[in-house]
Amino acid sequence: MSPGPGRPPGAVDLGEGAWFWHAAGFVAAPDRAPLFATLVDTLPLRVEMLRILGREVATPRLTAWMGDPGCAYRYSGRTFEPAPFTPALLAVRARLAETLGADFNTVLANLYRDGRDAMGWHADDEPELGPAAPDDVLIASVSLGAARKFVMRHRRHAGRGDPEGRRALVLADGDLLVMGGTMQRRWQHAVPRTTQPVAARLNLTFRMRRPAS
Ligand SMILES: O=C(O)CCC(=O)C(=O)O
């Protein structure tokens, strides 16, 4: 399979067209704390109620959804109308466009207040994601604040406790993780809870949402 748009030379090839690229220090050290503070102050972060297996469940993290006009998004049984991009987010979007050659028109922000906040196993596999879901989905995830473990598993190994088909990374302050190709179709990812004392972490997951046809 030929590399999809935005696939960087250092990407880790997981086979079957799935790949990820971990770029430590994407946000320069002096910019990290001010960017974290600005985003936490200006994004409409809140606990959301999601419908999961027929039950209303509060997200164990704060979230905010931003996007260009017309980028309403369905996620876990809810439709989210995005807030506009803020100037700080537009600056990160522009750096991602320079780095990856891709324009991301939506972003989900996740604020993990401490180690009790988490993100369960899932894939960003909505059919409207670009460049061309399901086999070519580009996700760019920027992390700020405390380092947290990020785990990935091939769907074939889901729930089997089987080390094959699993990967783990530590996403630290300023890191960029890009997932591409068939990663969302073949693999799932999660940010597990931790009992270690850990400060707040903000994650920005940029996506390309194709306009409704
Ligand atoms: O916080 C992270 O690193 C992951 C976020 C994520 O999986 C998502 O927004 O879909």
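Colleague: Which strand gives the most to the lining of the largest cavity?

Modeller: That is β17, with 4 residues. Strands here are DSSP runs of E, at least two residues, and helices are runs of H or I, at least four, numbered from the N terminus. A cavity is a set of points on a 1 Å grid over the protein atoms alone where a 1.4 Å probe fits but cannot get out, and lining residues have an atom within 4 Å of a point. Bear in mind that this is a predicted model: local features need pLDDT of at least 70, side-chain atom pairs count only at pLDDT 80 or more, and totals for chains, interfaces and linings use all residues. Residues are numbered from 1 along each chain as its sequence is written, and side-chain values use heavy atoms, with hydrogens and water left out.

Colleague: What volume does the largest cavity have?

Modeller: About 130 Å³, where a volume is the space filled by probe spheres set on the points, and points are joined across faces, edges and corners. Among its 16 lining residues, M119, F150, H189, N203 and T205 are the closest to the centre. Besides β17, the elements giving two or more residues to this lining are β8, β9, β15 (176–181) and β16.

Colleague: And what takes up that space?

Modeller: The ligand does. A molecule sits in a cavity if more than half of its atoms lie within 2 Å of the grid points.

Colleague: How many residues surround the ligand?

Modeller: There are 14, and the closest are N110, Y112, H122, H189 and R201; to count, a residue needs a heavy atom within 4 Å. β17 (201–207) comes up again, giving the most to this shell with 4 residues. By class, the shell has 6 nonpolar, 5 polar and 3 charged residues.

Colleague: Which side chain has an N or O atom 2.8 Å from a ligand oxygen?

Modeller: R201. The side chain of N110 has such an atom at 3.1 Å from a ligand oxygen, and R207 places a polar side-chain atom 3.2 Å from one. A polar contact here is a pair of N or O atoms within 3.5 Å. The protein buries 99% of the 300 Å² that the ligand exposes when taken alone, using Shrake-Rupley areas with a 1.4 Å probe.

Colleague: New topic, the backbone. Is the peptide bond from G130 to P131 cis or trans?

Modeller: Cis, with omega near 5 degrees. P131 lies in strand β10. The bond from A133 to P134 is cis too, and P134 is in the loop between β10 and β11.

Key
Polar contact = N/O pair within 3.5 Å; in protein donor to acceptor, adjacent residues only side chain to side chain. 1 Å grid on protein atoms, 1.4 Å probe; cavity = no way out; pocket = protein on both sides within 12 Å on 5 of 7 lines; lining within 4 Å. Nonpolar A, V, L, I, M, F, W, Y, C, P; charged D, E, K, R; others polar.
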